[in-house]
Amino acid sequence: MIVGTDSYITLEEANDYVEAFYTSNDPYRVAWNALNDSDKEIILRNGARAIDSLVLLGRKVLVDQIMEFPRIIRKPFDYCLDPTSYEVPTNVKYAQVEVALSSIDTKIQNRKDLINAGVTSFRIGDLSENYSPKSDLAVASKLYYSSKAVQLMTDYIGGTCRVE
């Protein structure tokens, strides 16, 4: 796994993130800690690919850069044109870890598979779920249904805005 080639975050940074934001008995942290480093790198690379598949605001800093970040996103009164001053935002790195963590959860993966297969609704007894490809579920399905990843990426996804 190489930062800037197939990942936004190092394995050590990802381990630090999980340790800092998840309690020791949280199922995601337990599952993460049960993985070997090779498996962690695989799901982190998949997380980066999911992020890179999104419709993002702005443009790549360098035309020939491999990954979608860092990006130039013009904001009012932002006149910085030095490409070396642009870095991958911390939220993008954290979102990559959140996507990786959510991919460990088979229930989330099964729901994503249903959406990708074109299922728009299902019912089991009194429980029912409806999916709409025009809603946030389309973005969320690319981010493996991680609401944390979607929240972290809000400022960078095209067609979204932060509401405070």
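Is Tyr 22 buried or exposed? Tyr 22 is buried, because its relative accessibility is 5%; buried means under 20% relative accessible area, exposed over 50%, and partly exposed in between (1.4 Å probe, protein chains only).

This is a predicted model, in which local features need pLDDT of at least 70 and side-chain atom pairs count only at pLDDT 80 or more, while totals for chains, interfaces and linings use all residues. Residues are numbered from 1 along each chain as its sequence is written, and side-chain values use heavy atoms, with hydrogens and water left out.

**The whole chain**

Start with the protein chain coloured by secondary structure. There are 7 helices and 4 strands, where helices (H or I, at least four residues) and strands (E, at least two) are DSSP runs numbered from the N terminus. Along the sequence they follow the order α-α-α-β-β-α-α-β-β-α-α. The protein chain has 164 residues, and 34% of them count as buried. A contact means heavy atoms within 4.5 Å. Of the contacts between residues at least 6 apart in sequence, 59% join residues at least 24 apart.

**Ala 14**

Select Ala 14 in helix α1 (residues 11-21). Ala 14 counts as buried because its relative accessibility is 0%. Beyond its neighbours within four places in sequence, Ala 14 is in contact with Ile 9, Trp 32, Leu 44 and Val 97. Draw a C-alpha to C-alpha distance from Ala 14 to Leu 44: the two are 30 residues apart in sequence and 8.5 Å apart in space.

**Helices α3 and α4**

Next, show α3 (residues 37-52) and α4 (residues 90-104), whose axes come within 8 Å and cross at roughly 120°. Axes are lines fitted to C-alpha atoms, for helices over the stretch in contact, and angles run from 0 to 180 degrees between N-to-C directions. The crossing of α3 and α4 is right-handed; a crossing is left-handed if the near helix is turned anticlockwise from the far one by less than a right angle, and right-handed if clockwise. Residues on the α3 side include Leu 44, Gly 47 and Ile 51, and those on the α4 side include Val 92, Gln 96 and Ile 104. By class, this contact has 11 nonpolar, 3 polar and 1 charged residues. Here Ala, Val, Leu, Ile, Met, Phe, Trp, Tyr, Cys and Pro count as nonpolar, Asp, Glu, Lys and Arg as charged, and the others, Gly among them, as polar.

**Leu 35**

Move to Leu 35, in the loop between α2 (27-34) and α3. Leu 35 counts as partly exposed because its relative accessible area is 24%. Leaving aside neighbours within four places in sequence, Leu 35 is in contact with Lys 40, Ile 43 and Ile 104.

**Aromatic rings and a cis bond**

Rings of Phe, Tyr and Trp (its six-membered ring) pair if their centres lie within 6.5 Å; planes under 30 degrees apart count as stacked, over 60 as edge-to-face and the rest as tilted. The count is 6 aromatic pairs. One of them, Tyr 22 with Tyr 28, is edge-to-face, at 6.2 Å centre to centre and 70° between the planes. Tyr 28 is partly exposed, because its relative accessibility is 25%.

Finally, select Tyr 8, Phe 69 and Tyr 156, which form one aromatic cluster. From Phe 69, step to Pro 70: a cis peptide bond joins them, with omega about 5°. Pro 70 lies in the loop between β1 (59-60) and β2 (71-72).
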